[in-house]
Amino acid sequence: MKLDSDIQQMTMIQAINSALDVMMDRDPDVVVMGEDVGYFGGVFRATAGLQEKYGKNRVFDTPITEIGIIGVSIGMGAYGLRPVPEIQFADYIYPALDQLVSEAARLRYRSAGEFTSPMTVRSPFGGGIFGGQTHSQSPEGIFTHVSGIKTVIPSTPYDAKGLLISAIEDNDPVIFFEPKRIYNGPFDGHYDRPAKGWAGHPGAMVPTGHYRVPLGQARIVRPGEALTILCYGTMEHVVESTVADMGVDAEIIDLRTLVPLDIEAIERSVKKTGRCLIVHEATRTSGFGAELSALVQERCFYHLEAPVERVTGFDTPYPHSLEWAYFPGPVRIAKAIDKIMKD
Amino acid sequence: MSDQRLPGIGQDGGGRNLQPLRLHVPEPQFRPGDVADYSDFDIPAADAAPRPDETAHPGSMQQLAYGLVRVLDDEGAAVGAWDPHLPAEALLKMLRAMALTRAFDTRMFRAQRQGKTSFYMKSTGEEAVSIAAATALARDDMCFPSYRQQGILIARGWSIVDMMNQIYSNKGDRLKGRQLPVMFSARDAGFFSISGNLTTQYPQAVGWAMASAARGDTRIAATWCGEGSTAEGDFHSACTFASVYRAPVIMNIVNNQWAISSFSGFAGAEATTFAARALGYGIAGLRVDGNDALAVYAATRWAADRARANAGPTLIEHFTYRTEGHSTSDDPSAYRSADEGSHWPLGDPIARLMQHCIRLGIWDEERQAAMDKELAEQVRDAAREAEKNGILGHGLHHPMETMFEDVFEDMPWHLREQQQQMLDEAKAAGL
């Protein structure tokens, strides 16, 4: 639906496609590669039409080897290109971990800036789609633990495009995790209700041209006084819906970038509310929530009126049939909010 | 409960009378205390290998993947189709770079033993593999080396003081003391930053070559790994990518027989050659006498011409011998026969090139001895120069706060905080 010459309603997939299109048009160094991304346009359609428009030298299918996809991207970056490789599912990024952790993340440091790795690794992540063990994982905590890598996770089409453009323009390696549950519409966690599209959502109004959402800046989804809720990706929408249903005056912060983190926004909010809840899909132990909790405790200790709580995936592999028992949905979030507010 | 076999299945069940299976665990020919005997070692004649056209189909080159490209015969004569017919000046230049590399290795090994640095790795016996290859490439072709190709930098005329500064991690070290000694990086010499993680450079070299091709450039990439490292998954990924996109890349395998204490059998050498791996990928494969500088030069030149003709990648196995220990942290007498190196049937690369030059009448032993003395003095003087910038552990390193630079292009808040914390702690401790 075209509403304006400069602003269109887009799904998250369309916004990502638009970001790639804009960047490929602006910068001849940008190349897109990955399994099924070329002729076919990607299993989620994120790269649809790009090969036809920019040619096979800039958008191409790859062999099924994540080591190769990332290793080759590092080499292309060293040559002077700006690669945007796709890993089909975040669950399949592990074969490339050595290339990402030992190479991409360290290249600038170990060569004292002689060589850099200006690539953006796009990968669908997160659960809520009956993806079972290997189509649902949220491995962001693995990457936030690696010095030299930036980790970015959007929650709206507007942010997805603006953040992806910033990531591609950034001269450091960026892991760009796309919450596939909200590719085609926001998800409030009520899996038993009909799926909603992006139509009518303010975050779905996306400029057709070039714009940036800066890395390292959180977004206040909803200002509030009662407690601070830190979240990102799909969980932003689950939290937003739960808070609305409860009528609690929570300040919801969508982190958007995990590294570098917008610590000022977090600190300002928790010092104001005195309470903090952290919500993520990823498993609990050593998840990114642990880092957030530690930072809040270190920086806001004398302002805290209740222990910092975490609602996360359980410390199990992601189950298939028991998905909704596993997923940190509205019931679990509401219970945690009640607990924090009673303390 | 201890016997969980199903009824009727097992050694004596099911009515079968089969030999028990056996696991084959490779064992090298010689261990400490053994006398190395290579009398059954089959060395192909120097003129035995045919030289196909640079655009030959990989499938037609099977003989080259299992044979051995050689140019220098036992008398030091250059023979056969692969003789590159290099002018005297080029031969002597290679000889000098090889001798300089060996002198450099000797000096830096001693520096480690003297406690001036933490670590060193020699390339003794493998000088031809890096120097002859670098000589056959264009200066602006990009090299993705492993940690035993310091000869590339020397062949390209890189400052040995600069290399020593890196080894000493001193204030002159361009890498700011962040990297283990020998993990050089020299962009201006077309020498990619060395990583400790094995074979990661292989797909990176392929990617660089793909980028060059996609851009319509004329530069090519070359990469090196040891035979042990071919077992890494990156090797397979790189070969697949190189083949699929016909990347203009030369992939060198330095088969020096040893991966620390593991002989080449643990990388699969008992069953095939490393060059033959190329065949399954549809890549041109050459197996080369790695101690024959002219063979290494000729094979590299062939592969470079092939790449520049858009005929695709080449995999070159350089058959050589790691004469010294793996590193200053290694004692090879604990796992291999002490006299293997001296009995190695393909000899010493420097001695063989010298013999060739003498035979051509462009060199003699006196000039060689004078050159060796001159090079020893050159590296001694360079080491003194580098030591003015400091040696490891003597305080002449880069300022502490530089530890936090270059993690990212711009330093984020958490690194700034940690940097400040470190400086405060150091100040409080009176440092």
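Analyst: Contact, as used here, means heavy atoms within 4.5 Å. The model is predicted, with local features needing pLDDT of at least 70, side-chain atom pairs counting only at pLDDT 80 or more, and totals for chains, interfaces and linings using all residues. Residues are numbered from 1 along each chain as its sequence is written, chains are lettered from A and ligands numbered from 1 in the order in which they are written, and side-chain values use heavy atoms, without hydrogens and water.

User: Where is R106(A), and what is it in contact with beyond its neighbours within four places in sequence?

Analyst: R106(A) sits in the loop between α4 (97–104) and α5 (107–110) of chain A. Helices are DSSP runs of H or I with at least four residues, strands are runs of E with at least two, and both are numbered from the N terminus. Apart from neighbours within four places in sequence, the contacts of R106(A) are V101(A), V146(A) and S147(A). Its C-alpha atom is separated by 8.7 Å from that of T116(A), 10 residues apart along the chain.

User: Why is R106(A) called partly exposed?

Analyst: Buried means under 20% relative accessible area, exposed means over 50%, and partly exposed is in between, with a 1.4 Å probe and protein chains only. R106(A) has a value of 31%, so it is partly exposed.

User: What makes V248(A) buried or exposed, and which residues does it touch outside its sequence neighbours?

Analyst: The relative accessible area of V248(A) is 12%, so this residue is buried. V248(A) belongs to the loop between α8 (234–246) and β11 of chain A. Leaving out neighbours within four places in sequence, R222(A), A226(A), L227(A), V243(A) and I337(A) are in contact with V248(A). The C-alpha atoms of V248(A) and D338(A) are 90 residues apart along the chain and separated by 9.5 Å.

User: How do you know that the span of helix α7 of chain A agrees with its number of residues?

Analyst: The expected span is 1.5 Å times one less than the number of residues. For the 13 residues of α7(A), 157–169, that should be 18 Å; the end C-alpha atoms are 18 Å apart, so the two agree.

User: What makes α7(A) mostly covered?

Analyst: In α7(A), 11 of 13 residues are buried. Among them are P157(A), D159(A), K161(A), L163(A) and I168(A).

User: Which residues of helix α9 of chain A are buried, and what covers them?

Analyst: In α9(A), residues 263–273, the buried ones are I263(A), A265(A), I266(A), E267(A), S269(A), V270(A) and T273(A). Their cover includes β10 (227–231), β11 (250–254), β13 (276–283) and α10 (288–300) of chain A, together with α13 (413–428) of chain B. Just after α9(A), G274(A) has a positive phi of about 80°.

User: Why are α3(A) and α7(B) called roughly perpendicular?

Analyst: Axes are lines fitted to C-alpha atoms, for helices over the stretch in contact, and angles run from 0 to 180 degrees between N-to-C directions. Under 35 degrees counts as roughly parallel, over 145 as roughly antiparallel, 65 to 115 as roughly perpendicular and the rest as oblique. Helix α3 (66–79) of chain A and helix α7 (233–244) of chain B pack at about 75°, with axes 9 Å apart. The pair is therefore roughly perpendicular. The contact is made by I67(A), G68(A), I69(A) and V72(A) on α3(A), and by G233(B), D234(B), S237(B) and F241(B) on α7(B).
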